[in-house]
Amino acid sequence: MTPILCQDIRRAPDWTDASDQVKLTYDGRFLRRRVLTTTGGLSFLVDLAQTASLDHGDAFVLCDGRVVEVVAADEDLLEVTGSDLPRIAWHIGNRHSPCQIEVDRLVIQRDHVMVKMLAQIGAETREITRPFRPEGGAYGHGRTHGHDHSHAHHAPQDHDHTHA
């Protein structure tokens with residue numbers, strides 16, 4: 001049986017009357033083409049023109065007109081606390097890690113390397129399981145993307161740096 005096609009999404013709150021829900025992790029909410037199954041058992045093929053980052057409360061609009069709500073699924077996370085949360089948040093951001101910022105804590109994806117780094121700067125971590133809803137990109141809807149600092153990202157300079 002061929003799944004129903006979905007080529008359209010709607011952002012919260014620009015939709016009404018969802019007929020079903022699909023639970024997706026943070027990483028699962030970043031997609032272009034994938035077969036998904038709703039909590040009610042309906043399979044549908046997402047085939048978007050470009051990759052999209054969906055948030056809890058957004059929706060897929062199926063080709064037959066039905067609306068499927070996106071729900072942030074529980075996932076394994078780290079709760080981060082400490083006496084200097086702005087400084088801790090800076091270190092997390094400096095590593096380009098998605099971060100959910102709350103008044104008295106930060107929430108990040110579980111990562112043993114981050115646990116060690118955070119301990120070194122005086123932060124406390126605790127493993128939790130809950131939906132992950134990190135801050136979006138600086139220009140509105142979207143997400144940040146980690147990248148590797150272990151190699152140069154710039155073209156080599158082709159001018160002389162010698163001094164007389």
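**The largest nonpolar core and its surroundings**

Tutor: In this predicted model, the largest nonpolar core holds 15 residues, and those touching the most other members are Val22, Leu36, Phe44, Val46 and Phe60. Two or more residues are contributed by each of the strands S1 (4-10), S2 (20-24), S3 (30-37), S4 (43-53), S5 (59-62) and S6 (67-72). S4 supplies the largest share, with four residues.

Leaving aside neighbours within four places in sequence, Phe44 is in contact with Pro3, Ile4, Cys6, Val22, Arg34, Val35, Leu36, Thr38, Phe60, Leu62 and Val68. Apart from this core lies another one, of 13 residues, which includes Val80, Ile92, Ile121 and Ala123.

The sheet comes next. Six strands form an open sheet in the order S2-S6-S5-S1-S4-S3, and their pairing is mixed. S2 and S3 are the edge strands, each pairing on one side only. On average, and with direction ignored, neighbouring strands of this sheet are turned by 30° against each other.

The individual pairings may now be taken in turn. Strands of a sheet pair through backbone hydrogen bonds, in either a parallel or an antiparallel sense. S1 and S4 pair in the parallel sense over three bridges, and Ile4 stands opposite Phe44 of S4. S3 and S4 run antiparallel and are joined by seven bridges; Phe30 has Ser53 in S4 as its bridge partner. These two strands, S3 and S4, form a hairpin with five residues between them, and Gly41 in the turn has a positive phi of about 95°. S5 and S6 pair in the antiparallel sense over three bridges, with Phe60 opposite Val68 in S6.

Between S4 and S5 runs a loop that contains Asp55. Asp55 is partly exposed, at a relative accessible area of 30%.

The buried residues of H1 are Leu85, Ile88, His91 and Ile92. Seen down the axis of H1, these buried residues fall within an arc of 120°, and they therefore line one face of the helix. An α-helix has 3.6 residues a turn, so residues three or four places apart point the same way. Pro86 and Trp90, on the other side of H1, are exposed. The cover over the buried residues of H1 includes strand S7 (74-81), strand S9 (106-109) and helix H2 (112-120). Just after H1, His96 takes a positive phi of about 55°.

Finally, the chain as a whole. It has two helices and 10 strands, and from the N terminus on its elements run β-β-β-β-β-β-β-α-β-β-α-β. Of its 164 residues, 36% are buried. Among contacts in the protein chain with a separation of 6 or more, 65% join residues 24 or more positions apart. The accessible surface of the protein chain comes to about 10300 Å², of which 50% belongs to carbon and sulfur atoms.

Definitions and conventions: Residues are numbered from 1 along each chain as its sequence is written. This is a predicted model: local features need pLDDT of at least 70, side-chain atom pairs count only at pLDDT 80 or more; totals for chains, interfaces and linings use all residues. Side-chain values use heavy atoms; hydrogens and water are left out. A nonpolar core is a set of buried Ala, Val, Leu, Ile, Met, Phe, Trp, Tyr and Cys residues joined through side-chain atoms within 4.5 Å. Buried means under 20% relative accessible area, exposed over 50%, partly exposed in between (1.4 Å probe, protein chains only). Contact means heavy atoms within 4.5 Å. Two strands pair if DSSP finds at least two bridges between them. Axes are lines fitted to C-alpha atoms, for helices over the stretch in contact, and angles run from 0 to 180 degrees between N-to-C directions. The arc is that of the directions from the helix axis to the C-beta atoms. Accessible areas come from the Shrake-Rupley method with a 1.4 Å probe; for residues, only the protein chains shown count as cover.
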